[in-house]
Amino acid sequence: GLRAGLAATRSLGIAGMRQYAAPTQHANGERILESEALDRLKAEIREHAGPLPVDLCRKVLCLYGIPVVQSTFLRSPYDPLPSTLDYPVVVKICSPDIPHRSDIGGVRVGVSDETELRRAMQEIGSNAGAARPGARIEGYEIQQQMTDCVEAMAGFAVARPLGPLVVVGSGGTLTELVGDRTVELNIVSSDRALDMIRQLRV
């Protein structure tokens, strides 16, 4: 519409040009990252090409105050397990060369105990090796399995010449097939973010 078109036109003149220190708080009271923390985060992200590693993704979410599920990382199916694991859990292969893990059998859900967990890690490791020979396998991510929740996604990208974009949509393994998403030019206010969510079918 007209509003998005005008915003896109404005963005053409400033995308890639503005480098400013983020204030700690907007005029409307919304808290954002302080400049120093944001600069450190940007520097870490610039060191990577392709999908970000799990620990850095969690750091991004935590710095923005977004809650994350209980999670742990193992390099091998035979590593000691933390005593704090709360079953059932989800286990996922960790590899910078495998962005879509469920497509190659790299995810197991509903893992109910230690025996099943170690077997699941061995299986998804074998699946990853068969589907992506030569892929760098860093280890296994084990997460608390959430129940009675809605699967959704939120992300961002830079789409030239429009500039930064924010996307929210239905999540899960059928995200790309369902196509239930809303895209908006950054910066997105809290009110606009709620509007984007209301437009979804989730």
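Visitor: Let me start with the classes: Ala, Val, Leu, Ile, Met, Phe, Trp, Tyr, Cys and Pro count as nonpolar, Asp, Glu, Lys and Arg as charged, and the others, Gly among them, as polar. How do the residues lining the second largest pocket divide?

Guide: They divide into 4 nonpolar, 2 polar and 4 charged. This is a predicted model, where local features need pLDDT of at least 70 and side-chain atom pairs count only at 80 or more, while totals for chains, interfaces and linings use all residues. Residues are numbered from 1 along each chain as its sequence is written, and side-chain values use heavy atoms, without hydrogens or water.

Visitor: Which residues line that second largest pocket?

Guide: Pro53, Val54, Asp55, Arg58, Ser71, Thr72, Phe73, Cys94, Glu138 and Glu141. Two or more of the lining residues come from each of α3 (54-63) and β1. Helices (H or I, at least four residues) and strands (E, at least two) are DSSP runs, numbered from the N terminus.

Visitor: What counts as a pocket or a cavity here?

Guide: On a 1 Å grid over the protein atoms alone, a cavity is a set of points where a 1.4 Å probe fits but cannot get out. A pocket is an open set with protein on both sides within 12 Å along at least five of seven lines, and lining residues have an atom within 4 Å of a point.

Visitor: How many cavities of 30 Å³ or more does the structure hold?

Guide: There is 1, and the space in the largest cavity is about 40 Å³. A volume is the space filled by probe spheres set on grid points, which are joined across faces, edges and corners.

Visitor: What lines the largest cavity?

Guide: Gln70, Ser71, Thr72, Leu85, Asp86, Val89, Ile142, Gln143 and Gln144 do. The largest share, 3 residues, comes from β4.

Visitor: New topic: in what order do β5, β6 and β7 sit in their sheet?

Guide: They form an open, antiparallel sheet in the order β5-β6-β7, with β5 (152-159) and β7 (181-185) as the edge strands. Two strands pair if DSSP finds at least two bridges between them, and 5 bridges join β6 (residues 163-170) to β7. Valine 167 has valine 183 in β7 as its bridge partner.

Visitor: And leucine 185, buried or exposed?

Guide: Leucine 185, in strand β7, is buried, because its relative accessible area is 12%; buried means under 20%, exposed over 50% and partly exposed in between, with a 1.4 Å probe and protein chains only. Leucine 185 and valine 167 are 18 residues apart in sequence and 8.9 Å apart in space, C-alpha to C-alpha.
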